[in-house]
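Please open the structure in a viewer and keep the selection tool at hand.

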Amino acid sequence: MDYLTRHTILKYGRSVLCSEEFRSTFSQVHHYSTTVGDHLLGVTAEAVKQCRARGLTDDDTLKTVVLAALCHDIGIMGRRKKYRNDAECLIRHPLDSVRAYIRITGEADERVIDSIKCHMFPLKPAVPKYKAGWILTVADKICSVNEKFGKSPVTEEDRKELLIPG
Ligand SMILES: [Fe+2]
Ligand SMILES: [Fe+2]
């Protein structure tokens, strides 16, 4: 991940990155080869890259995208205990992630909420209303495929730089 991407993630996502809840996501395996936490960081980096490629670099858009991407799968934590099967997980984890976003940040931005709620499109047929939601959906798919082929979304250095204390 390049310096500008890390800087952008830290600038808009500090409240999430510093939270206990986000830090706990590195303890659960995701897509066979990674953890939920690494996936969240990888998707956020990819989403920031996608924004830059499309000239979507205003504060408002970047903040929306970073917060939505960092939180989009937090609700999947504890999936084996919470959900009876994969179908239930598919339907419920975006809504549980919305609750996590509100709990962690104390904010309830409609664009962030819709983007998280719709990130499983088209597997779950809730269509994103906002650009940020489309960016997140694309970034999530790119990272998920890479992870299934064993490509780690982040490096040890990315983790060290982004998970600074407090
Ligand atoms: Fe997801
Ligand atoms: Fe995801």
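**A guided tour of the predicted model**

Begin by selecting Arg-14, which lies in helix 1, the stretch covering residues 3-17. The model in view is predicted. Is Arg-14 buried, exposed or partly exposed? With 14 other C-beta atoms within 10 Å, Arg-14 is partly exposed, because that count falls between the 12 or fewer of an exposed residue and the 20 or more of a buried one.

**The nonpolar core**

Now select Ala-47, Val-65, Val-66, Leu-67, Ala-68, Ala-69 and Cys-71. Within the largest nonpolar core, which has 39 residues, these are the members that touch the most others. Two or more residues of this core come from each of helix 1, helix 3 (36-53), helix 4 (59-71), helix 6, helix 7 and helix 8 (131-148).

Keep Ala-68 selected. Which residues does Ala-68 contact, its neighbours within four places in sequence left aside? They are Val-112, Ser-115, Ile-116, Ala-132 and Leu-136.

**Helix 7 and its surroundings**

Proceed to helix 7, residues 110-117. Seven of its eight residues are buried, so helix 7 is largely enclosed by the rest of the structure. The buried residues are Arg-111, Val-112, Ile-113, Asp-114, Ser-115, Ile-116 and Lys-117.

**Helix 6 against helix 7**

Two packed helices are described by the angle between their axes and the distance between the axes. Select helix 6 (residues 86-105) together with helix 7: their axes come within 8 Å and cross at roughly 150°. Helix 6 is therefore roughly antiparallel to helix 7, and the crossing is right-handed. On the helix 6 side, the contact is made by Pro-94, Leu-95, Ser-97, Val-98 and Tyr-101; on the helix 7 side, by Val-112, Ile-113, Ile-116 and Lys-117. Sorted by class, the residues of this contact are seven nonpolar, one polar and one charged.

**The last stop**

Finally, move to the loop between helix 7 and helix 8 and select Pro-122, which lies there. Most peptide bonds are trans. The bond from Phe-121 to Pro-122, however, is cis, with omega near 5°.

Conventions: Residues numbered from 1 in each chain as written. Chains lettered and ligands numbered in written order. Predicted model: local features only at pLDDT ≥ 70, side-chain atom pairs only at ≥ 80, totals over all residues. Axes fitted to C-alpha atoms, helices over the stretch in contact; angles between N-to-C directions. Helix = DSSP H or I, 4+ residues; strand = E, 2+ residues; numbered from the N terminus. Parallel < 35°, antiparallel > 145°, perpendicular 65-115°, else oblique. Left-handed = near helix turned anticlockwise from the far one by under 90°. Contact = placed C-beta atoms within 7 Å. Nonpolar A, V, L, I, M, F, W, Y, C, P; charged D, E, K, R; others polar. Core = buried A, V, L, I, M, F, W, Y, C linked by C-beta atoms within 7 Å.
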